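This briefing covers selected features of the structure shown below.

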Amino acid sequence: MSEPQAHPSKAGNGAEPMIRLEQLTKRFPRQPDYAVENLSMDIPAGEIVVLVGPSGCGKTTTMRLINRLIEPTSGTIILEGEDVTGVNADALRRRMGYVIQQIGLFPHVTIAGNIAIVPRMLGWKKKRITERVDELLELVGMDPDAYRDRYPKELSGGQRQRVGVARAMAADPPVILMDEPFSAIDPITRDRLQNEFLRLQAVIKKTIVFVTHDIDEAVKLGDRIAILRDKSKIAQYDTPEHVLTNPADAYVEDFVGAGAAIRRLNLSRVDEVEHADWPIVQLPAEPADVREALRGSGKGAALLLDEERRPFRWVDARDLDRPERLESGVGSPALPVVRSSTTLHTALNEMLKSGYGSVIVVDESGACQGVIDLETVLNAVHAMRAEALRHAAEFEQHELEEVGGS
Amino acid sequence: MSFLEYLSKRQDHLLELAIEHAQVVALSIAIATVIGLALGILVYQRPWWAQVVLGITGVFLTIPSLALFGVLIPFVGLGYKPTVIALVMYALLPIVRNTVTGLRGVEEAIIDSARGMGMGRWRRLLRVELPLAWPVVMAGVRVSTLILVGITAIAAVVNGPGLGEDIFSGLARIGGANALNLVLGGTLGVIALALLFDAFFAGVARLTTSKGLRP
């Protein structure tokens, strides 16, 4: 069997993909050029795949080809192993949730009615629909009793977006298509909705095809991102880590932009890196203990913890010469403090503002886990780069084998 | 005889004419709404046909009513039939035009999300587009009703029913006894009917429009 598609468009895990597009092509009538040309890609089950590219690259057209709001000129769409290119389009769409930028809630229908649209078309029993609506409203963080009977005009932009997502999930479809769902919302609400969306996805584990023009959003949300160029050609299809650290070509590099290295830090969390070797002393302790710890470390200050291992004060050599007891609060406040789930990006930001160029890492209970500093971040960046290079080498090796074997 | 004396003496007669008048308007509006909605639905996505239909129904409205009633006599005779036919023709334009405007005014994003959820053509029309266009359609129906209440008075020239009978017989012997009272009674009756109809349809529009669409 011949495999015309390029390797990067294939899912890495070898399992059957949720969606497979084969040589999908769209040419609109009376248009000289293809809107989408020969697109082949696998979308693995349970992952968020982000299609990202400049406006006019065909990413929205590509998404609309998947649920056949636009009928392909040629090519095949396979959903869960079944060729759906020729099946009834309405029936196909009821198997895929659909969320668009303007959301498109029906203004004349209540929130409950909006969410119930697809279940009703599928002929669910009334009781089951009511239960499902309440369940979904709770899932997206809206009180069913307060919102069920309201109309869309009574909701804020963020709430409408939540209802839009709930509506897309109503009949529990395996796939959800989302076309720039967060881009019409103010940045603060958008950030919150993105976080909520990631938390939700961790629970529902849907296969999500997400279209955006915003590389930051793509990096934040995607398990995999496909960088598209003109006519929806895949420039690179890989994890965000690899796209950022190892762009496939100049186009991707250019699109990902100058901030790629910094952005990459958004993908690592503090608990994934090794802590730096800062002197940490738990109270009760004597100044001599601290002096001892400081001497061997080569650092300018030591971190004091209270009896419950919570960060207490930073102290340096001069603070130790003063007559007060350590418990009385010599030195400077134990700041900045970050949770272990914080991204390296945020930690770095805090670090640059801090007095000693370091941040204190605490767990959920507030107990200190360690300290990280600039060196920690640099080491992490080096490790990422090495990993990316290894990945690239393996990838080339694999391609060579594939070419040799066919 | 003063107008008030006249009214108290002739109230049964006036009421009878008013009911006839209202019936013929109601029947014509009902027919025109069905035809107008159907035409609007047929053409709103076909710009060329929309132009044709709006053009023709527009021409109907410009024909002087006296002439139209007269022209219909050779084909359908006198009385009820020519009245209803002419009234339906006059009522079409506002209803068709508002149906087309209303259906075209439905937000693209709403149609797109309806299609994306797998709603077929008819379900979309009945469940989404028509309910959203409804307030605009109803506004057209109200305008048509007001036009018809007035024009129906003229149907008396083809022996049509309604308050026109008194108006025309009064006008025929103007200067004679009670002539002015006849005209005045008929005319005020027409105005009162128009107000009643309008209030009625305002109520209907409110009851049949989703709460989510009210301002």
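In chain A, A:Arg68 is located in the loop that runs from helix H1 (59–66) to strand S4 (74–79). The model is predicted, and the phi value of A:Arg68 in it is near 60°, which is positive although the residue is not glycine. A:Arg68 counts as buried because 20 other C-beta atoms lie within 10 Å, and 20 or more is the cut-off for that class.

**Further backbone features of chain A**

- A:Ile103 sits in the loop between strand S6 (96–100) and H3 of chain A.
- A:Ile103 is buried, because 23 C-beta neighbours are found inside 10 Å.
- The peptide bond between A:Leu283 and A:Pro284 is cis, with omega at about 0°.
- A:Pro284 belongs to the loop connecting strand S11 (280–282) with helix H13 (287–297) of chain A.
- Another cis peptide bond leads from A:Leu335 to A:Pro336, and its omega is near -15°.
- The loop that holds A:Pro336 lies between strand S14 (332–333) and strand S15 (337–339) of chain A.

**Surroundings of A:Pro119**

- A:Pro119 is part of helix H4 (residues 117–121) of chain A.
- Is A:Pro119 buried or exposed? A:Pro119 is buried, because it has 21 C-beta neighbours inside 10 Å.
- Leaving out residues up to four places away in sequence, A:Pro119 touches A:Trp124, A:Ile129, A:Arg132, A:Ala170 and A:Ala171.
- One of these partners, A:Ala170, is 51 residues from A:Pro119 in sequence, while their C-alpha atoms are 6.6 Å apart in space.

**Confidence in chain A**

- Chain A has a mean pLDDT of 86, and a value of 70 or more is reached by 93% of its residues.
- Where in chain A is confidence lowest, and where is it highest? The lowest mean, 72, is that of helix H12 (residues 260–264), and the highest, 96, is that of helix H3 (residues 111–115).
- Over residues 1–12 of chain A, pLDDT remains under 50, and the model has 19 contacts beyond four places in sequence for this stretch.

**Architecture of chain B**

- Chain B contains 8 helices and 0 strands, so that the order of its elements from the N terminus reads α-α-α-α-α-α-α-α.
- Along the principal axes, the C-alpha atoms of chain B occupy a box of roughly 70 × 40 × 20 Å.
- Chain B has 215 residues, of which 41% are buried.
- Counting contacts in chain B between residues at least 6 apart in sequence, 76% connect residues at least 24 apart.

**Packing of two helices in chain B**

- Helix H2 (residues 47–62) and helix H4 (residues 80–104) of chain B have axes that come within 7 Å and cross at roughly 145°.
- The crossing of H2(B) with H4(B) is left-handed.
- H2(B) contributes B:Ala50, B:Val53, B:Leu54, B:Thr57, B:Gly58, B:Phe60 and B:Leu61 to the contact, and H4(B) contributes B:Met89, B:Tyr90, B:Leu92, B:Leu93, B:Val96, B:Arg97 and B:Val100.
- By class, the residues of this contact comprise 11 nonpolar, 2 polar and 1 charged.

**Contact between the chains**

- Chain B supplies 16 residues to the contact between the chains, and chain A supplies 20 residues.
- On the side of chain B that touches chain A, two or more residues each come from helix H5 (108–116) and helix H6 (121–154).
- H5(B) provides the largest share of that side, 6 residues.
- The side of chain B that touches chain A consists of 7 nonpolar, 6 polar and 3 charged residues.

**Nonpolar cores**

- The largest nonpolar core has 125 residues, and those touching the most other members are A:Val50, A:Ala226 and B:Ala91.
- H4(B) gives this core its largest share, 13 residues.
- Which residues does B:Ala91 contact, apart from neighbours within four places in sequence? They are B:Ser28, B:Ile29, B:Ala32, B:Ser144, B:Ile147 and B:Leu148.
- A separate core has 30 residues, including A:Leu303, A:Leu326, A:Val361 and A:Met384.
- In soluble globular proteins, nonpolar side chains tend to be buried together.

Definitions and conventions:
Residues are numbered from 1 along each chain as its sequence is written. Chains are lettered from A and ligands numbered from 1 in the order in which they are written. This is a predicted model: local features need pLDDT of at least 70, side-chain atom pairs count only at pLDDT 80 or more; totals for chains, interfaces and linings use all residues. pLDDT is the predictor's confidence in each residue, from 0 to 100. Helices (H or I, at least four residues) and strands (E, at least two) are DSSP runs, numbered from the N terminus. Two residues are in contact if their C-beta atoms, placed from the backbone, lie within 7 Å. A residue is buried if 20 or more other C-beta atoms lie within 10 Å of its own, exposed if 12 or fewer, and partly exposed in between; C-beta atoms are placed from the backbone. Axes are lines fitted to C-alpha atoms, for helices over the stretch in contact, and angles run from 0 to 180 degrees between N-to-C directions. A crossing is left-handed if the near helix is turned anticlockwise from the far one by less than a right angle, and right-handed if clockwise. Ala, Val, Leu, Ile, Met, Phe, Trp, Tyr, Cys and Pro count as nonpolar, Asp, Glu, Lys and Arg as charged, and the others, Gly among them, as polar. A nonpolar core is a set of buried Ala, Val, Leu, Ile, Met, Phe, Trp, Tyr and Cys residues joined through C-beta atoms within 7 Å.
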